[in-house]
Amino acid sequence: MSIKVLLADDQALVRGALAALLGLERDIDVVGEVGRGDEVLTAVRRTGAEVALLDIEMPGMSGIDVAEQLSREEPSCRALVVTTFGRAGYVRRALEAGARGFVVKDTPASELAEAVRRVHSGLRVIDPTLAAESLYEGVNPLSPREREVLREALTGAPVASIAAQVYLSPGTVRNHLSSAIGKTGTTTRMEAARVAHDNGWL
């Protein structure tokens, strides 16, 4: 029986390329494609997909959030993150969310197909370079609240707007931002947000 695979990526060209490459494998059947994270669960249920290849940044819901949703609501479909965001912080977050694998988009086609097979069989697959970096860099230094306010800070919003979005007082938001700035070794909240984003901590 072929492994049923669902592709989730907001770039149609990437989805098409992945579908073409995986379609060459006799034991892999691409049963669906979606361009939004919030469409994955419905598509998995409709197609009976057993492995979902997820990009990280998609409209509607991130690939990491989708991996968590699948592990909770459709555990028979295993998540394999395939992304350009090859950073150790993303690897940790994806695995903590329930993803069974994490590879970058420039992975050779034969290795990607093998990653699908291994994830389908219940094994974990992690890009070896990223796995080593993840061990070297350690854990995400930011608290959940610091991550929350930095995500809002990425938009350039003022403190008052951030406070309203995360239901905290402006003073508490400033404290979280100050702590995050210290932990990221930066001098402004925008710099802290960018560093955190680039390291996959958000």
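**Close-up views of a predicted model**

**View 1. Strands S4 and S5 lie side by side.** Strand S4 (residues 78-83) and strand S5 (residues 101-104) run parallel, joined by four bridges. In this pairing, Val 82 stands opposite Val 103 of S5. The model shown here, as in every view, is predicted.

View 2. Helix H3 covers residues 63-73 and touches S3 and S4. The direction of H3 makes about 165° with that of S3. Helix H5 covers residues 109-120. Its contacts reach S1, S2, S3, S4, S5 and S6. The direction of H5 makes about 155° with that of S4.

**View 3. Six strands form an open sheet.** Follow the strands across in the order S2-S1-S3-S4-S5-S6. The pairing is parallel. Which strands stand at the edges? They are S2 (28-34) and S6 (125-126). Each has a single partner strand, so one side of each is left without a neighbour in the sheet.

**View 4. Helix H7 crosses helix H9.** H7 spans residues 144-153, and H9 spans residues 170-184. Their axes come within 9 Å and cross at roughly 95°. H7 is therefore roughly perpendicular to H9. On the H7 side, the contact uses Arg 145, Glu 146, Val 149, Leu 150 and Ala 153. On the H9 side, look for Val 173, His 176, Leu 177, Ser 179, Ala 180 and Lys 183. By class, the residues of this contact are six nonpolar, two polar and three charged.

**View 5. One cavity sits inside the structure.** The structure holds one cavity of 30 Å³ or more. How much space lies in the largest cavity? The answer is about 40 Å³. Leu 7, Ala 8, Asp 9, Leu 18, Leu 53, Leu 54, Asp 55, Val 82 and Lys 105 line the largest cavity. Strands S1 (3-8) and S3 (51-54) each supply at least two residues of this lining. The lining has six nonpolar and three charged residues, but no polar ones. Val 82 links two views: this residue lines the largest cavity, and it stands opposite Val 103 in S5.

Key
Residues are numbered from 1 along each chain as its sequence is written. This is a predicted model: local features need pLDDT of at least 70, side-chain atom pairs count only at pLDDT 80 or more; totals for chains, interfaces and linings use all residues. Side-chain values use heavy atoms; hydrogens and water are left out. On a 1 Å grid over the protein atoms alone, a cavity is a set of points where a 1.4 Å probe fits but cannot get out, and a pocket is an open set with protein on both sides within 12 Å along at least five of seven lines; lining residues have an atom within 4 Å of a point. Grid points are joined across faces, edges and corners, and a volume is the space filled by probe spheres set on the points. Ala, Val, Leu, Ile, Met, Phe, Trp, Tyr, Cys and Pro count as nonpolar, Asp, Glu, Lys and Arg as charged, and the others, Gly among them, as polar. Axes are lines fitted to C-alpha atoms, for helices over the stretch in contact, and angles run from 0 to 180 degrees between N-to-C directions. Angles under 35 degrees count as roughly parallel, over 145 as roughly antiparallel, 65 to 115 as roughly perpendicular and the rest as oblique. Contact means heavy atoms within 4.5 Å. Two strands pair if DSSP finds at least two bridges between them.
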